[in-house]
Amino acid sequence: MISRNSAQTLRFVRRGQPVAVGNVAPERTLLEVLREDLHLTATKEGCGEGDCGACTVVLGEAVDGRLRYRAVNSCIRLAHSVDGMAVFTAEDLSAPTLKAGASPDLHPCQEAMVQCHGSQCGFCTPGFVMSLFGIYQNSQGGKGITREQAQVDLSGNLCRCTGYRPILDAAQQMGSLPLPAGCEVDEAATLAALKALKPKRTGDERYLRPTNLAALLQQRAKFPKAQVVAGCTDVGLWVTKMHRRFERVLDVTAARELQRVETYPHHIAIGAAVSLTDAFAALVAERPQLLTFSQRFAGLPVRNAGTLGGNVANGSPIGDTMPLLIALGASVVLMRWKKTAAGGEIAHRELRLEDLYTGYRTNVMRADELLCWIKVPKPTGHASSAAPDRPKPASAPSGGSEPNAVGSVGAEEFMRVYKISKRFDDDISAVCLAIQMTLDGGVVQQVSIGAGGVAATPARARQTEAALRGQPWNADTVMAAAAALRAEFQPISDMRASAAYRQTVLGNLLRRFWLESQGLTAINLESLNAATLEALA
C-alpha cells in the first residue's frame, strides 16, 4: 500500500464551481472519488472494467474557447487524469426545485428516458443518461440525431433490460423537448472556473502530468520506474481487477505537443496523447472504408478516454489498432531526454511498428524512452488536405519511412480490416486481420498484412506477403496464400476461440478480401441491412 504522504490534491470544476479533493492517491479512480469522497452516488459501479457503462460521466475541456464534452467510464479513469477539467455527473443535470415535495425539472435527456420508458430497474440508467447528455451537448441540443449515430454513441452502455428500442427512441426524442431553466450548462462560468484553477505545484508529486513534451521526457528520465499512462483504459483494470498500487504515475496526456494530429505530404503523425476518437477520425478521413472498424473498437467512452499511443505502447496481442497500423506501414517515434553540455535536448529514433515488440507485452523501448508519435503513410495517390484549424506541423520528426512509390499510374490500392468477435459492439477480438494491397495490371505489386490474436504480439504476415507479391490476383493465388497464412501462425486456444478456429478464420478472411476485391460486398456485415437481406432472399 502507498503511504498517505503519497497523495495530493485533485482539482476540477463541477456546476461551474471549483472542487478540491485532498489526499487522493495516484491509483484512485474517478469513480471512487465521486462516490466515496463527494458522495455522488448516482454514478454506479458495475463491471469495474469499462464494459457496462453504468459509471459513465461526461468530462468538459476548454478547446478553442469552448467546452468539448466527452463521455468516459469513471471506473477505470484515474482520478488525477481529470485534474483541471469539468466533471458532469447524473446529479448535475436536473434543475433543483424551490417547492417542498415537488419533483425537480428534468434535463431533456432524462425526460426522454422517462417518456420513452427507457428505464427499468434503474441501475444502468444514470450511465445511459450521461451518454445521452454527451450526445445532446455535442449536437447543439440533440438536433438531427439519427438512429445509426445513437446506436454507435450508446455502444459503450451494455445493460439494456428494457431492450434497445426505447433508449434509441429517447436519443432521437430529447432534441424536441424543452430545456427547463436551470438545466442548461453555463459554459461561460465553467470556462472561467477552469481558467481560474491555479496551476499545480511542480514538486515531488506522485501523479505527474507535465504540460509540455520536454518536461514529460525529463520526468521520464528522472523516474524511469514510474507507471506510464496514456488514457488509463488498461491500467485502470490493473487497479480495479488486480488491485495494483503505484509509487508514481507519469501521465502523457497533458503534453500539448502530443495532443495533435499533424499532416505532412506523405504521412500523418498522431501524437501519443491523441484520443482514440480523434485518431480514428484522422485515419477515417484518409481511408473512409475504416469507419465501421473504428466504431467497433470498444465503446465510445473507452475511445474518448484511451489513446492510440497507449494502445500501441501497451502492445497487447489482441489490441485491434496494431494489425491495422502494421498493414498501413506505420512507424513509431520514440523520444527521450538526452543530457548535453548545454543542459539537455530531445533525442529520437524511429522504427517500423512491427519491430517495436520483442515478446508478450515487451518492447525495445529504453527505460527513459516514451512512444511519442505514430506516423501513418497516406493512401497512394491520395491528396487530402488538413482541416483549416489543424495545427501546423511542428513537433513530429518529418523524416523516416515513407510509403513506397507506385510504379504505374494504373496501380490501385485496396485496403480492408476485419475484426472477429463474439459481439458486434464493444468486444475484444478473437482474430483481427488487416490487409493493404496495391494491384497493377491484375498483379500484386505490393501487399502488407497485419494480424492480431494469433501470436504473442501483433505481427506482420511476412511469409504470406511473399506468397502474394508478384503473383496474379486470382483465385489460385488466393487459395495458396490462404494456406500460407494459416501455416504462418500457431495461435493458442483460450476463452475467446480455439487455435484451430483462429487458423481457419485467418484463411477465410483472406478469401473474403479476395471476394470483396471482385465486387462482392454483401458478405460483409458492414453492408448488411434490410434491403440487402431482401435482395438475397
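A: Buried means under 20% relative accessible area, exposed means over 50%, and partly exposed lies in between, with a 1.4 Å probe and protein chains only. This is a predicted model, in which local features need pLDDT of at least 70 and side-chain atom pairs count only at pLDDT 80 or more, while totals for chains, interfaces and linings use all residues. Residues are numbered from 1 along each chain as its sequence is written, and side-chain values use heavy atoms, with hydrogens and water left out.

Q: How many salt bridges does a search of the whole structure find?
A: The search finds 29 salt bridges, each being a side-chain nitrogen of Lys or Arg within 4 Å of a carboxyl oxygen of Asp or Glu.

Q: Which residue does Arg462 meet in a salt bridge?
A: Arg462 meets Glu354, at 3.7 Å from N to O. The pair links distant parts of the chain, 108 residues apart: Glu354 is in the loop between β12 (345-352) and β13 (357-359), and Arg462 is in helix α14. Helices (H or I, at least four residues) and strands (E, at least two) are DSSP runs, numbered from the N terminus.

Q: Is Arg462 buried or partly exposed?
A: Arg462 counts as partly exposed, at 45% relative accessibility. Glu354, in contrast, is buried, with a relative accessible area of 10%.

Q: Which residues are linked with them in a network?
A: The network of salt bridges links Glu354, Asp355, Arg460, Arg462, Glu465 and Arg469.

Q: Moving on, what does Glu516 pair with?
A: The side chain of Glu516 forms a salt bridge with that of Arg416, at 3.1 Å from N to O. Arg416 lies in strand β16 and Glu516 in helix α16, so the pair ties together parts that are 100 residues apart in sequence. Glu516 is buried at 5% relative accessible area, whereas Arg416 is partly exposed at 21%.

Q: Why can such side chains pair at all?
A: Side chains of opposite charge can pair when their charged atoms come close.

Q: How many residues has α16?
A: Helix α16 has 19 residues and reaches 28 Å from its first C-alpha to its last, close to the 27 Å expected at 1.5 Å a residue. The expected span is 1.5 Å times one less than the number of residues.

Q: What do its buried residues pack against?
A: The buried residues of α16 pack against β16 (412-420), β17 (431-440), α14 (462-468) and α15 (475-488). Among these buried residues are Arg502, Leu506, Phe513 and Trp514.

Q: Which residues form a nonpolar patch with Leu520?
A: Leu515 and Ile523 form the surface patch with Leu520, and together they have about 220 Å² of accessible area. Patches are made of residues with over 30% relative accessible area and no salt bridge, joining like charges within 9 Å and nonpolar side chains (Val, Leu, Ile, Met, Phe, Trp, Tyr) within 5 Å. Accessible areas come from the Shrake-Rupley method with a 1.4 Å probe, and for residues only the protein chains shown count as cover.

Note on methods. Contact means heavy atoms within 4.5 Å.
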